[in-house]
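Let us read this structure one feature at a time.

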Amino acid sequence: MHHATDNRPALLLSMDPGIPERLLTDAHRARLAALTRTDPHLVAHDLATPAPEVVAALAEAEVLLTCWGAPPLTAAVLERAPRLRAVVHAAGSVKHHITDACWERGLAVTSAAAANALPVAEYTLAAILFAGKRVLHSAQRYAEVRADHAWTAESTVWGNYRRTVGLVGASRIGRRVIELLRPFDFEVLLHDPYVEPAEAGGLGVELVSLDELCARASIVSVHAPQLPATHRMIGAAQLAAMPDGATLINTARGSLVDEAALLPHLRAGRLHAVLDVTDPEVPPAGSPLYELPNVLLTPHVAGSLGNELHRMADQALDELERYVRGEPFREAVLPTALERSA
C-alpha cells in the first residue's frame, strides 16, 4: 500500500467554481499533486451545507487552498475539519473568509497579497504618468480638432518633471508605488498615521498630514485599507483643497472617497479622476462617471487579472512548499495586523 507511507498533507480547494481553471496552470497542478494529496476536480464552494464528497474531504483536510469566493470558515465549518492546520489564500485579503474561530483554532494563515499588490501598483504608475501628461485629455482634444494645432501652447501645465504626487497609505501597494516612482522626477508626499518620519525618510518620501497632501499634490493616489476610520477619508474638505486640474486616483475601495462631494468637482472640470473602484462598486447606469471626459473609469481591474493570477498561484505554492517542509510561512497573516490592513 503506497498510501500507508504517503505523508503528503491532504489539501482541499475552496473558492468560487471556475476559479481553479484560471488560477492554476498544468504546471501548478503538477506541483500541487507532488506536494499534497488533493482531488483537483473537487472545489468546495459551499461549506455551510456541503455535499457528501466535500464533507469527506473536509474531514481529512490538513490544508485549504483558497481564492476568490472562498466561503467563511466559521466555527461550525471548523468542527467538520478536525485536522485542518493551515489556510493558503491565493489572493489578497483574507477578511472575507478567515474568522475569529480560525485564530482561536490556531490555524496558520498566509495570503498572496504581496503578489496581488504588483499589478495594482503597475496600474497606479501608469495612471500617474498618464495623468501628468494629460493623455486622456489630449486624445479627446485630438479627436475633436483632427488637424494641426498649437499643442505646446495648450500644454503649459502638463508634464511629469518635478510633479508632486501624494500617496495616501503606505500599504503593500503604496510602498510598491513608492518604489516604482523612484526612477522618475517626482516629489512624493505620503500620509500614513502608522509611519514614523524616520521610516518615511528611508522610503525617500515626505510625511505630511492628509490635508497638506491634498493641498500640495497635483496627483493624489489612494492606497489605504477599508476600515471605519478610513470611510470617506477623502471628503469634501480634502477635495476642495486639491489644486485646480489635480487628478484623484483610487484603486483601493470606493468607500474611501466621498463620491457625492467629488462629483461637482468632476462635473465642473476642476478635478480629474482615475477610478478603478467606486461606491457602489458598479455605479448606477445613469452615473455621470461613465460619460465625463475627465474621468477614466475602469471596472475594478487594477488587481490580478488574466495571467497575473498565475503569480498569485506561484506565491501560494511557494508557501505550501514551506508548510510541507515544516517551515513557517514567509507571508504569514497575523490577526493583529488585520485591524489596519485590507
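Q: Is W151 buried, exposed or partly exposed, and why?
A: W151 is partly exposed, because its relative accessibility is 23%. Buried would require under 20%, and exposed over 50%. Keep in mind that this is a predicted model.

Q: What about Y142, buried or exposed?
A: Y142 has 52% relative accessibility, so Y142 counts as exposed.

Q: How are the rings of Y142 and W151 arranged?
A: For an aromatic pair, look at the ring centres and then at the planes. Planes over 60 degrees apart count as edge-to-face. The planes of Y142 and W151 stand at 85 degrees, so this pair is edge-to-face. Their ring centres are 5.8 Å apart.

Q: How many aromatic pairs are there by this rule?
A: The count is 3. F184 and F186 form one of them. Their planes are 55 degrees apart, and the pair is tilted. From centre to centre the distance is 6.1 Å.

Q: Which of these are buried or partly exposed, F184 and F186?
A: F184 is partly exposed, because its relative accessibility is 32%. F186 has a relative accessible area of 13%, so F186 is buried.

Q: Now the sheet. What holds strands together in general?
A: Strands of a sheet pair through backbone hydrogen bonds, in parallel or antiparallel fashion. Here 5 strands make an open sheet with parallel pairing. The order is β2-β1-β3-β4-β5.

Q: Which strands lie at the edges?
A: They are β2 (37–43) and β5 (108–111). Each of these pairs on one side only. From one strand to the next, the twist averages 15 degrees.

Q: How many bridges join β3 to β4?
A: There are 4 between β3 (residues 63–66) and β4 (residues 86–89), and the two strands run parallel.

Q: What joins β4 to β5?
A: Again look for bridges. 4 bridges join these parallel strands. V88 stands opposite T110 in β5. To get from β4 to β5, the chain passes through helix α5 (residues 100–105). This β-α-β crossover is right-handed.

Q: Which residues does C102 touch?
A: Leave out residues up to four places away in sequence, and C102 touches L73, L78 and L107. C102 is found in helix α5. Its relative accessible area is 0%, so C102 is buried.

Q: How far is C102 from P335?
A: Their C-alpha atoms are separated by 9.7 Å. Along the chain, C102 and P335 are 233 residues apart.

Conventions:
Residues are numbered from 1 along each chain as its sequence is written. This is a predicted model: local features need pLDDT of at least 70, side-chain atom pairs count only at pLDDT 80 or more; totals for chains, interfaces and linings use all residues. Side-chain values use heavy atoms; hydrogens and water are left out. Two strands pair if DSSP finds at least two bridges between them. Axes are lines fitted to C-alpha atoms, for helices over the stretch in contact, and angles run from 0 to 180 degrees between N-to-C directions. A crossover is right-handed if, with the strands pointing away from the viewer, the path from the first strand over the helix to the second runs clockwise. Rings of Phe, Tyr and Trp (its six-membered ring) pair if their centres lie within 6.5 Å; planes under 30 degrees apart count as stacked, over 60 as edge-to-face and the rest as tilted. Buried means under 20% relative accessible area, exposed over 50%, partly exposed in between (1.4 Å probe, protein chains only). Contact means heavy atoms within 4.5 Å.
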